[in-house]
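Q: Hi! Could you walk me through this model, one topic at a time?
A: Happy to; here it is.

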Amino acid sequence: MQPSNVLSSAKRLLFFLPCLFVLPASAQDGDQIVPSRTEVIQPARKTSFNNNGECPERKQGGNARNVNGYPVFDASMDGNRQVDPQIAVGGGYVLHGTNSGLIIYNTKGEFIQGVSQNCFKGGIDPKLFYDAHNKVFGFDLWVYWDSAKIKPVNISVSETNDPRGAWNTYSIPAPKGVDGGGIGYSKKWIGYAFPGGEERTFVLKTADAKSGKPAKVYHFPGSLGHPVYGQDAMDDLYFFAIERDQFVLRKVTEAADGSPVCVTVSKQRHNQKYINQPPQSPQFNTAQKVSSGDRNPKNLVLQNGSIWFSQAVNCEGRSAVQWHQIDAKNGNIVQTGLIKSDTTNYIQTTIAVNKRSDVLVGFQEVNANMFISPRFAFRKSTDKPGTIREIVRVGEGRGATDGVAWGDYSGSVVDGDNQLDLWTIQSIANEKGRGETVVIKLPVEKIKK
């Protein structure tokens with residue numbers, strides 16, 4: 001099936017992802033938002049992927065191969081319906097996280113090491129990143145079942161670009177927090193936003209977390225938006241939100257005293273024809289439909305002065321994937337593209353962008369005649385604006401999932417070492433309709449063609 005391309009100039013529903021970013025009235029009235037409070041968080045004892053043998057090994061995946069001409073390998077094969085897969089690539093490694101654990105592969109797809117979340121103070125829904133500016137990996141784990149009801153978010157940051165080495169973990173209270181947080185970074189800051197409670201955004205300095213020092217954590221009122229992966233070498237950390245009919249950009253910058261302050265960059269009407277939440281999608285051999293994802297992006301990238309993201313939207317009664325490039329200085333939409341079909345559904349999308357502004361859009365496909373299957377499409381920066389190349393199939397689902405919820409965090413990232421190769425991880429339904437995963441590499445050599 002060929003995608004349709006549309007040019008424009010212009011996890012999950014709201015309570016799953018922090019994307020109706022409503023600030024208190026007092027904060028909305030001004031251009032600047034300051035932290036509501038600060039606290040100093042002591043790191044847990046240094047940990048690693050084996051803790052000198054304390055953490056049982058979790059071995060999953062591998063089986064490197066070529067599929068339709070692209071390097072592919074298996075990642076988590078747990079068979080958990082809500083596998084929530086994520087990856088980060090750097091230092092010659094692929095770090096992979098799911099609801100069941102964390103695994104390291106080399107970039108050839110060979111298994112190196114793996115553990116459960118308990119080795120990093122526990123939690124679910126990991127979101128991963130590789131910060132090429134500071135040469136560290138990072139991820140979050142959310143703990144909602146603690147008896148003290150502080151619902152900590154455990155932020156873990158490696159000390160080097162070798163994920164097998166030492167890590168520092170900070171347990172940051174998120175009272176009344178709800179599942180669906182998002183993580184981002186800049187050259188200076190790590191930011192996290194989540195739904196629930198009065199304070200739904202916090203930031204801390206990467207330098208503190210990398211060194212294992214006590215970290216001053218700054219909590220903001222409401223939510224600033226979804227934090228962005230800051231691939232450009234900037235200290236400021238961007239946040240993005242869809243607020244009613246507007247795309248809103250904010251950024252956290254450093255005040256004279258070293259504390260962060262949030263300023264509004266832009267509020268622009270998006271004027272998008274397709275912007276509403278996607279409908280649930282049918283699957284083969286069952287009446288059970290599945291979640292198609294969310295119009296609110298699951299990851300955003302700052303690359304070459306632009307914010308890039310993809311989203312799942314309702315396109316004439318079906319789920320389609322839409323992607324955007326937005327000027328980070330003024331919020332103007334540079335280009336918009338749409339991947340749609342009259343006969344199938346494209347769901348659960350993420351985006352990756354390299355230093356040449358080549359783009360990979362990862363997603364899954366499902367319809368009444370097929371099971372959930374991994375897909376991606378890409379474009380060269382020199383391609384006609386708003387267009388994307390044909391969809392690449394990297395596996396076929398083999399069974400129907402038995403619930404609306406699905407392993408809905410597909411992940412797409414740039415290679416942190418060369419800033420050129422693009423990677424994506426996508427879920428695929430196995431014979432029992434459970435989520436397995438495949439990791440796909442899009443080498444720069446393929447993009448050149």
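What follows is a short chat about a sheet, a disulfide and a glutamine.

Q: Before I read anything into it, what are the ground rules?
A: This is a predicted model: local features need pLDDT of at least 70, side-chain atom pairs count only at pLDDT 80 or more, and totals for chains, interfaces and linings use all residues. Residues are numbered from 1 along each chain as its sequence is written, and side-chain values use heavy atoms, with hydrogens and water left out.

Q: Let's look at E7. Is it mostly covered or uncovered?
A: Mostly covered: 6 of the 6 residues in strand E7 (residues 101-106) are buried. Buried means under 20% relative accessible area, exposed over 50%, and partly exposed in between (1.4 Å probe, protein chains only). Gly101, Ile103 and Tyr105 point one way from E7, while Leu102, Ile104 and Asn106 point the other way, and all are buried.

Q: How many bridges does E7 have with E6?
A: Strand E6 (residues 93-98) pairs with E7 in the antiparallel sense over 6 bridges. Threonine 98 stands opposite glycine 101 there, and the two strands form a hairpin with 2 residues between them.

Q: And on the E8 side?
A: E7 pairs with strand E8 (residues 111-115) in the antiparallel sense over 4 bridges. Leucine 102 has valine 115 as its bridge partner, and isoleucine 104 stands opposite glutamine 113. The E7 and E8 hairpin has 4 residues between the strands, and glycine 109 takes a positive phi near 90° in it.

Q: New topic: how many disulfides does the structure hold?
A: The structure holds 1 disulfide, counted as a pair of cysteine sulfur atoms within 2.5 Å. This disulfide joins cysteine 55 to cysteine 119, S to S 2.1 Å. The pair links distant parts of the chain, 64 residues apart: cysteine 55 is in the loop between strand E2 (37-41) and strand E3 (62-67), and cysteine 119 in the loop between E8 and strand E9 (124-131).

Q: Why is the disulfide right-handed?
A: The torsion about the S-S bond of cysteine 55 and cysteine 119 is about 85°, so the disulfide is right-handed. Both cysteine 55 and cysteine 119 are buried.

Q: Last one: what's up with glutamine 311?
A: Glutamine 311 is in strand E23 (residues 306-315) and counts as buried because its relative accessibility is 0%. The glutamine 311 side chain reaches the backbone oxygen of arginine 295 at 2.6 Å.

Q: Which side chain does it make a polar contact with?
A: The side chain of glutamine 311 makes a polar contact with that of histidine 324 (2.8 Å). A polar contact is a pair of N or O atoms within 3.5 Å; within protein, one must be able to donate a hydrogen and the other to accept it, and residues adjacent in sequence count only if both atoms are side-chain atoms.

How values were computed
Two strands pair if DSSP finds at least two bridges between them.
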